[in-house]
Amino acid sequence: MKIGIPRALAYFAYYPFINTFFEKLGMEVVVSDPTSKEVIDAGVEDAVTDACVPVKLFHGHVKNLMGRVDYIFVPRLVRVNSEATFCPKFLGLPDMLVCSIDNLTNMLEVRIEIIKGKRQLFLKCLEVARRFNKNFFMTWKAYRQALRSFESHIMQFLQGGIPPLGILSQDKSSDIKLGVVGYPYLLYDSYVSLDLIKKLIGMGAYVVTPEMVPEEIKKRYAGKLRKMLFWTFSNSVLRTAFHFLETGCVDGIIHVTAFGCGPDFIVDKVIELEAKERKMPFLTITLDEHTGQEGINTRLEAFVDMLRRRKRKEAVI
Ligand code: SF4
């Protein structure tokens, strides 16, 4: 039994759990090829035109798996805690795919709505495993191993690494510390992000992303807005940005956003205004399927140079 996992959206946040779970259930896990021009073009061809680039990409990754696997795993990600849901595009993803892609008949749609923690997660795993006639004990073992693999993935992030990009640790003594906020499926997809994080590290910066800030710290900033945002990933981005702004633990913030992203119209504006008030250097990078390397390189180099000059000036004063 081959199960296909599209390398897009939820994959970048939860892949160690998803991959390990299916593997330990005895299935062959096939992850779609890394994003490339062909994958993007395939997605753009079928997705609705006003979809954001991560959703178009998901279409491309599903098409990349068609004909190669028995099932394609498509989560309908509703919520993983009691305070927020995922963006509506996550909620409607399976419907969008079925309507847009011809002959998509082997989708394994799984609705994920977890509000009561690990017990509910295990019950969901049990429900999926039963579809493949797997017994309770095998599922329990697969679930435990999937959890362990997910926890060690989080640990790697917290130790300053960025596992989806193959970065195991960074040089903490770098002269520039940069907060790079954005959704995991944008930041950690090398192709669509034009390897922005690796470029910054190559310029000598130490990069901190939302996944590198512990959840307990992010939760402290939950009350910063009069009204909480509705969307899980947006809350994570905004709380991380507030952490950077309030503690001043970074020299500047870069917000990486997708063209056409509804939630980011709010998130980006809030970070921009708060950064302005606190005189924190701030840059927005908007990505879409047409974004070119040269423009991004110039903007990143100029931003890092400006931060270095600012630090030197502050040191003289
Ligand atoms: S949060 Fe934005 S980028 Fe992510 S799926 Fe929703 S609209 Fe697209």
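The model is predicted, so local features need pLDDT of at least 70 and side-chain atom pairs pLDDT 80 or more, while totals for chains, interfaces and linings use all residues. Residue numbers start from 1 along each chain as its sequence is written.

Let's start with the ligand. Around it sit Cys52, Pro54, Val55, Cys87, Lys89, Tyr183, Ala258, Cys261, Gly262, Pro263 and Asp264, counting a residue if its C-beta atom, placed from the backbone, lies within 6 Å. Domain 1 (2–157) and domain 2 (165–316) each give at least three residues to this shell; the bounds come from an automatic or database domain assignment. Helices H3 (53–65) and H12 (262–277) each supply at least two, and H12 has the largest share, three residues. Helices (H or I, at least four residues) and strands (E, at least two) are DSSP runs, numbered from the N terminus.

Next up is H13 (residues 293–316): its 24 residues reach 35 Å from first C-alpha to last, close to the expected 34 Å, which is 1.5 Å times one less than the number of residues. Leu300, Phe303, Val304 and Leu307 are its buried residues (20 or more other C-beta atoms within 10 Å; exposed is 12 or fewer, partly exposed in between; C-beta atoms are placed from the backbone).

Most residues other than glycine have a negative phi.

| Residue | Phi | Loop |
|---|---|---|
| Asp195 | about 55° | between H8 (184–187) and H9 |

Asn133 is exposed, with 7 other C-beta atoms within 10 Å, and Asp195 is partly exposed, with 16.
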